[in-house]
Amino acid sequence: ETARALPFALASARPLEGRLSHPGLADYRATGTMRGGADGRPELDLKVLSELEAKGDLHGVATAWLAAGDFERAERILERLPSSPAVMGDLALAALGRAQPERALTLVERGLETAPDDARLHWNRGLALQALSLELAAAAEFSRVAQAKEPGWSTEATERADGLRKGALARRD
């Protein structure tokens, strides 16, 4: 499972704020510009992409389109897959990419029903809550992710939670 190929070069940065479910993307990388297109999105390797498709790894193909910022195309593929926490988490990222945070929240919560401790899902839930301007709720999600003590992810989650709390308190005052 972990040996699933990625149809783009893994740069030192990750392409999305959110967390993709692909096992090849579990290790932490900070967000930032990736090698690739002018907008910092990775260049997709179409040969690997077609190999994934031939193997029937549609989730892998969808991951590639998400990473490349083609949220609608990713969503169309993900919607054909059997529901799972990973699929729900990635669908939520597609919804966030399409500026649909309420829908993203609903999708993430469907994933959490069967995987209540999935740190990736809680991360993406934090992003959806943040997009809905629910800073304290988002901060609580990121704090929960920080407790999972995943290298890199925990640090960024703590920073996000602190930033969200500070922002909410500043506005309250």
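Entry 1, the largest cavity. I sorted its lining into seven nonpolar, one polar and five charged residues (Ala, Val, Leu, Ile, Met, Phe, Trp, Tyr, Cys and Pro count as nonpolar, Asp, Glu, Lys and Arg as charged, and the others, Gly among them, as polar). Among the lining residues, Arg 14, Gly 18, Leu 20, Leu 25 and Trp 153 lie nearest the centre of this cavity.

I note that the model is predicted: local features need pLDDT of at least 70, side-chain atom pairs count only at pLDDT 80 or more, and totals for chains, interfaces and linings use all residues. Residues are numbered from 1 along each chain as its sequence is written, and side-chain values use heavy atoms, with hydrogens and water left out.

I found Asp 118, Arg 120, Leu 121 and Asn 124 among its lining residues. Helix α4 gives the most to this lining, with four residues.

I recorded 13 residues, 119–131, for α6. Ten of the 13 are buried, so α6 is largely enclosed by the rest of the structure (buried means under 20% relative accessible area, with a 1.4 Å probe and protein chains only). Leu 121 and Asn 124 are among these buried residues. I looked up the packing partners of the buried residues and found α4, α5, α7 and α8.

At its start, a side-chain oxygen of Asp 118 comes to within 2.8 Å of the backbone nitrogen of Arg 120. Just after α6, I noted a positive phi of about 65 degrees at Ser 133.

Note on methods. Helices (H or I, at least four residues) and strands (E, at least two) are DSSP runs, numbered from the N terminus. The expected span of a helix is 1.5 Å times one less than its number of residues. Buried means under 20% relative accessible area, exposed over 50%, partly exposed in between (1.4 Å probe, protein chains only). Contact means heavy atoms within 4.5 Å. A polar contact is a pair of N or O atoms within 3.5 Å; within protein, one must be able to donate a hydrogen and the other to accept it, and residues adjacent in sequence count only if both atoms are side-chain atoms. On a 1 Å grid over the protein atoms alone, a cavity is a set of points where a 1.4 Å probe fits but cannot get out, and a pocket is an open set with protein on both sides within 12 Å along at least five of seven lines; lining residues have an atom within 4 Å of a point.
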